[in-house]
Amino acid sequence: MRELPTEKKVCLALGYFDSLHVGHRSIVSAANGYAKNNRLFSAVATFSNNAYKLFNRDEKSVYTYAERCTLLEGLCDFVLPMRFDAKMKNRSAEDFLDTLFSGYNIKAVVVGYDYSFGAGAKGDTDLLKKYCSSHGAECIVLDKIEIDGTRVSTTVIKNLLASGDVENAEKYLGAPFMIKGKIVHGRGAGHMFDIPTANIKIPLDKLLPKQGVYGAECVVDGERYFGAVNVGGRPTFDLSKTVVEMMIKDFDDNVYDKDICIYFRKFLRPVQKFDTPAQLSKQVHEDICWSEK
């Protein structure tokens, strides 16, 4: 995803966008639509680091910055990465906007109804509207979005992922929950089952769903495959360290050091210890065929 050049006339979507849920996507879509109708470029401003840490909250992000950039491909023209540090945290709302507008050629801004900014979150949509008006920029504020009477929020999505309910999480996200990472060498256990296995290096700040085995799809080198992904330990081999490994159906290639995107579609079963590797192999072969049932 290309970073926003300073000279481009832009309609900017503002927010954290940590989960890029359907509410976030509506903001991005509105910014992109306004940009196209007014001969502007569209851009999404999002934090490039885990902002929760600055508030002493031990929370992980649904999507890392790199994952957000992948998900934003085709939804907007540019991304504007902002590093949330102590300086930004303590910057007043007006100073935050001054820095933003002096650094980029902003002609319009799109935000959600509850957007807040600046030190102590004192900046709100009313302040933003007044600031944009005085700087010759349009300000568009979107209403909240609900699904089945529940307000769409990152908190709701995190709770669903914590329970392993990736199917309902997908409704709020607007797309299957995704993990993007580099394929690294694991134990090579997949070769015992004649199933290509991709062991994924996961960033420390990445939120993982409840431990278990999930029906999934993955994309490697632009090709999509079905399979199953294990999140958790490997008790059959007396290994308790949490890993993310994808068992890929109908695949035969060297995948090490390649990027992979894994899309979680369905919770299949808990992680469990089998008496023998052969029993585990039998179960894994059933797991990877989840889409055919």
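**Entry 1: a lysine.** In which helix is the place of K158? I looked it up and found K158 in helix α6. I note at the outset that the model is predicted. Next I asked for the accessibility of K158. The relative accessible area is 14%, so K158 is buried, the limit being under 20%. Then I listed the contacts of K158, leaving aside neighbours within four places in sequence. The partners are Y52, E59, K60, V62 and L207. I also note that α6, residues 154–162, supplies at least two residues of the lining of the largest pocket.

**Entry 2: a glutamate.** I turned to E94, which has its place in helix α4, residues 93–103. Is E94 buried or partly exposed? The relative accessible area of E94 is 41%, so I logged this residue as partly exposed. With neighbours within four places in sequence left aside, E94 is in contact with L127 and Y131. I also took a distance from E94 to H24. The two are 70 residues apart in sequence, and their C-alpha atoms lie 24 Å apart in space.

**Entry 3: positive phi.** I checked backbone angles at two residues. F17 is not a glycine, yet its phi is positive, about 55 degrees. I placed F17 in the loop between β1 (9–14) and α1. The relative accessibility of F17 is 2%, so F17 counts as buried. D250 also has a positive phi, near 55 degrees, and is a residue other than glycine. I found D250 in the loop between β12 and β13 (259–269). Is D250 buried or exposed? At 67% relative accessibility, D250 counts as exposed.

**Entry 4: rings.** How many aromatic pairs does a search of the whole structure find? I got 12. I took up the pair of Y63 and F177. Why does the pair count as stacked? The ring planes of Y63 and F177 meet at 20 degrees, and planes under 30 degrees apart count as stacked. The ring centres of Y63 and F177 are 6.0 Å apart. Y63 sits in the loop between β2 (41–47) and α2 (65–72), whereas F177 belongs to strand β8 (residues 177–184), so this pair ties together parts 114 residues apart in sequence. I checked burial here too: both Y63 and F177 are buried.

I then examined Y115 and F117. Their ring centres lie 5.4 Å apart with planes at 20 degrees, so I noted this pair as stacked. Y115 has a relative accessible area of 13% and is buried. F117 is buried as well, with 5%.

Which residues form one aromatic cluster? I wrote down Y63, F177, Y214, F264 and F267. The charged end of R224 sits over the ring of Y263, 5.0 Å from the ring centre.

**Entry 5: the largest pocket.** I ran the pocket search. The largest pocket holds about 1200 Å³ of space. It is lined by 43 residues, and those closest to its centre are G15, Y16, D18, D114 and S116. Which helices each supply at least two residues of the lining? I listed α1 (22–37), α3 (86–89) and α6 (154–162). I sorted the lining by class: 20 nonpolar, 13 polar and 10 charged residues.

**Entry 6: the second largest pocket.** The volume of this one is about 280 Å³. I counted 15 lining residues, with I200, I202, K241, T242 and V243 closest to the centre. Two or more residues of the lining come from β9 (197–201) and from β12 (239–248). β12 gives the largest share, four residues. By class, I logged eight nonpolar, two polar and five charged residues in the lining.

**Entry 7: the whole chain.** The chain has eight helices and 13 strands. Of its 293 residues, 48% count as buried. The C-alpha atoms fill a box of roughly 70 × 35 × 35 Å along the principal axes. Finally I took the contacts with a separation of 6 or more: residues 24 or more positions apart account for 73% of these.

Definitions and conventions. Residues numbered from 1 in each chain as written. Predicted model: local features only at pLDDT ≥ 70, side-chain atom pairs only at ≥ 80, totals over all residues. Heavy atoms only, no water. 1 Å grid on protein atoms, 1.4 Å probe; cavity = no way out; pocket = protein on both sides within 12 Å on 5 of 7 lines; lining within 4 Å. Points joined across faces, edges and corners; volume = space filled by probe spheres on them. Nonpolar A, V, L, I, M, F, W, Y, C, P; charged D, E, K, R; others polar. Phe/Tyr/Trp six-rings, centres within 6.5 Å; stacked < 30°, edge-to-face > 60°. Buried < 20%, exposed > 50% of the residue type's maximum accessible area, 1.4 Å probe, protein only. Lys NZ or Arg CZ within 6 Å of the ring centre and 35° of its normal. Contact = heavy atoms within 4.5 Å.
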